[in-house]
Amino acid sequence: MSAVRVDDIVALVGGRYQGPRERLIRGVATLRDASEEEISFLGNPIYAPQLRTTRAGALLVPNDVEGDDPRYIRVAKPHFALAQVVSRWFAAQPKLAGVSKLASISPKATLGSNVAVGPFATIGDGAIIGDNVTIYQNVSIEAGVTIGEGSILYPLVSIYHGCKIGSRCILHSGVVIGSDGFGFATEGGRHHKIPQIGTVRVEDDVEIGANSTVDRAALGETVIGEGTKIDNLVQIGHNVCIGKHCLLVSQVGIAGSTEFGDYVVAAGQAGVSGHLKIGKGAQIGGASAVFHDVPDGAKVVGNPAVPFREYARRDMMLKRLLARKK
Amino acid sequence: MSAVRVDDIVALVGGRYQGPRERLIRGVATLRDASEEEISFLGNPIYAPQLRTTRAGALLVPNDVEGDDPRYIRVAKPHFALAQVVSRWFAAQPKLAGVSKLASISPKATLGSNVAVGPFATIGDGAIIGDNVTIYQNVSIEAGVTIGEGSILYPLVSIYHGCKIGSRCILHSGVVIGSDGFGFATEGGRHHKIPQIGTVRVEDDVEIGANSTVDRAALGETVIGEGTKIDNLVQIGHNVCIGKHCLLVSQVGIAGSTEFGDYVVAAGQAGVSGHLKIGKGAQIGGASAVFHDVPDGAKVVGNPAVPFREYARRDMMLKRLLARKK
Amino acid sequence: MSAVRVDDIVALVGGRYQGPRERLIRGVATLRDASEEEISFLGNPIYAPQLRTTRAGALLVPNDVEGDDPRYIRVAKPHFALAQVVSRWFAAQPKLAGVSKLASISPKATLGSNVAVGPFATIGDGAIIGDNVTIYQNVSIEAGVTIGEGSILYPLVSIYHGCKIGSRCILHSGVVIGSDGFGFATEGGRHHKIPQIGTVRVEDDVEIGANSTVDRAALGETVIGEGTKIDNLVQIGHNVCIGKHCLLVSQVGIAGSTEFGDYVVAAGQAGVSGHLKIGKGAQIGGASAVFHDVPDGAKVVGNPAVPFREYARRDMMLKRLLARKK
């Protein structure tokens, strides 16, 4: 771990700070666990009481926090400041380097410069791997896949043939991109497979969490827009189009052909039916089940999902009725 | 891609068509994206307005669609016709061939003719692999597994020891078959494992989506009936028995020992408790939570799930009460 | 399979038994399937009618079961007795032995005695693998991981760098431990990654089901307490702390920084928001969505989750209103 002067931290995050400037910081920790050589942060007001008891040597806090603790570094967004500090000095992790002799790489694949490939990974015919891509052990990259520069594929990722992954993407272990969409035509008492001949396009700067799945399109493309971040165990159906800079929290499921505008947030376990339009900047509550279109900027919640105001009024009404019947 | 005469397409699907018969079709696309050399289809009435604007060279439409566009090929079931056309001419995908020298195959395993095995796959003692089976890279097949002819196991599938997979099955990346069921006996403050000594039997023509899991039985068998199609991230508990030709959409969960009749449909994120009986042809709504048996042919919905009619009446009543209280 | 005298079974489980003592038992089966050479059990009263028709040669039943069938072995907890009997005599399964030459093991890793490693597994620099650990094919163990003695990692498990797995743990296929938590700071219209520099600690005697995911902490540790059992497709967010001897059924999701006391039970598909405290011994119903703290020993259910009593009263009130409006 590095030793960093508080001075340098304050300069990086552009914060207001009145304390001792030469103090050395050697790590980052939670308010509860931090030692005097570590910096901590207040990211959620429910932890504010811990500001008084923490032993941290410096504290990233919101501009408007009360008190005058000399350790306070006041910033507009402590989470963003934390991201800057950790990325700059404290995010070292073991790096894969070189191309393992135990990988199976098609002679018809194209690898950019400085590509790392772990053992037991496979790269198929015609795949194009950009510069500085890291492909960990046991990753499967089928024929015709393209991966943009700087992307990281953690162990045991599977990319089906012909899918496109953008630059600086991060795909965590167990992610599956391009498996067949769930498309069948029922005839004569049997479900006949509709071959899924489309593909998947994951744009730049997308992160996808462990064991999430993105199905290839029946026809055309399933799209994950630039800068969108997807958590673990999320399901994206065939021909879904997710806008840019969306956040999909774990176990969310989006059924086929649904379109999300940019900056949509879907909280954990939310589900969205197929063939819907979810407007730009819409917010979907945790464990909500969305069966209808959602307008731009709307907030919906509940199973079935309704506008947040209606949800709150329903809840209040039920409570009142219940109180009366006692 | 092939070039196919519209004539031949009409003959294959048995459709009614009045347009130019020599036109060549070179691919399949959505109404929005199709060019004049591509065929498209109307699978969902919400896309009917696009019939007027699509540039597609031919159109698979339902028998009763209005208008007299010369491109219309009228059929009873456009989805089924699409499946036929794509399967016949447009579903080419890269095929694995041969047995990789980088696979680890027990000398005590038996491989049929024309089996393909990718690198870093393992096949255990006593496994029996049928003719024309495709086993992609990094698939794990443990001892005593049997796989019927023509089945496809995509990369990173795991089949635990002794499980049986039928013929013409498709298992997508990350599928796990035969992991231990969740069985514990609590005694003295600790949960003691009940060894799961049963197995899993997946019958013929089953497809299972990416990262879905099917647990082995505690005793006896967990069964997935013939022709059943399972989407991604679905959980099938130990000793569950799923009937034939069911459809389980993504993120569905079925708890232990529950039995499904044939032709049950469970929409996305539905959950079903253990030890229940879901009748033949029953339909379970999306995000529904089923805590009781469901009779043959019934449709249930909601959390907790109730018959569809009761659900609709509850919803209407709440809306009325809400309007009154405003 | 062994042949075991009923006598020996009665002695092991400490049961009351009046039947013939020399009978030989060669296996274990359900009431419906058992033959005269097999033992069965009554674990759930709904199957009691099958006691009359079963052909089983011996029956583990609760102390208070009616009747005087000479095959009855009366015990306090038939499930626990079953676990004992199966573990002692009938749980044989193929075992991996030795270290495969097809694995990739860092010379800087430390392996205890009697470790088994399958083909195409990787073990990174500085990893420490305890005695009698079994690592199946295609498992990925990154640098600095420690695994306690006797643990079993089934095929295709992924453990990210620096995570700690206790002794006698069982991790099923597709489990991912230590993937990045879902942490981003939004600034200038983009989501900036907060590097997740914490780790995961899985304590002793934990079992984790297929394709479940446990994210590493942003800072500090994500913890799974001793003896806790987790089913398939469960999501554990960053900095979550799960107490000892909890049971998390399949498809449960726990959002970041939430703390569970000991002996919490969360039924299938339940979701719990972030930064909550779930008290010791609390029970969360299936498909419930928990948005608030839960006190010790409380039982909550529903979406949104409320105390069980309130849930039951809401339900009854709705039914009454509905009856009146008909």
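Colleague: How many residues does the contact take from chain A and from chain C?
Modeller: It takes 52 residues from chain A and 45 residues from chain C. Two residues are in contact if their C-beta atoms, placed from the backbone, lie within 7 Å. This is a predicted model: local features need pLDDT of at least 70, side-chain atom pairs count only at pLDDT 80 or more, and totals for chains, interfaces and linings use all residues. Residues are numbered from 1 along each chain as its sequence is written, with chains lettered from A and ligands numbered from 1 in the order in which they are written.

Colleague: Which elements give two or more residues to the side of chain A that touches chain C?
Modeller: Helix 2 (78–90) and helix 3 (308–325) of chain A. Helices are DSSP runs (H or I, at least four residues), numbered from the N terminus. Helix 2 of chain A has the largest share, 7 residues.

Colleague: And how do the residues on that side of chain A divide?
Modeller: Into 24 nonpolar, 22 polar and 6 charged. Nonpolar covers Ala, Val, Leu, Ile, Met, Phe, Trp, Tyr, Cys and Pro; charged covers Asp, Glu, Lys and Arg; the others, Gly among them, are polar.

Colleague: New topic. What rotation superposes chain A on chain C?
Modeller: One of 120°, with 0.0 Å of shift along its axis and an RMSD of 0.1 Å. That is the relation of a three-fold axis.

Colleague: Which residue of chain A comes closest to the rotation axis?
Modeller: Phe120(A), with its C-alpha at 3.5 Å.

Methods. Least-squares fit on C-alpha atoms with pLDDT ≥ 70 in both.
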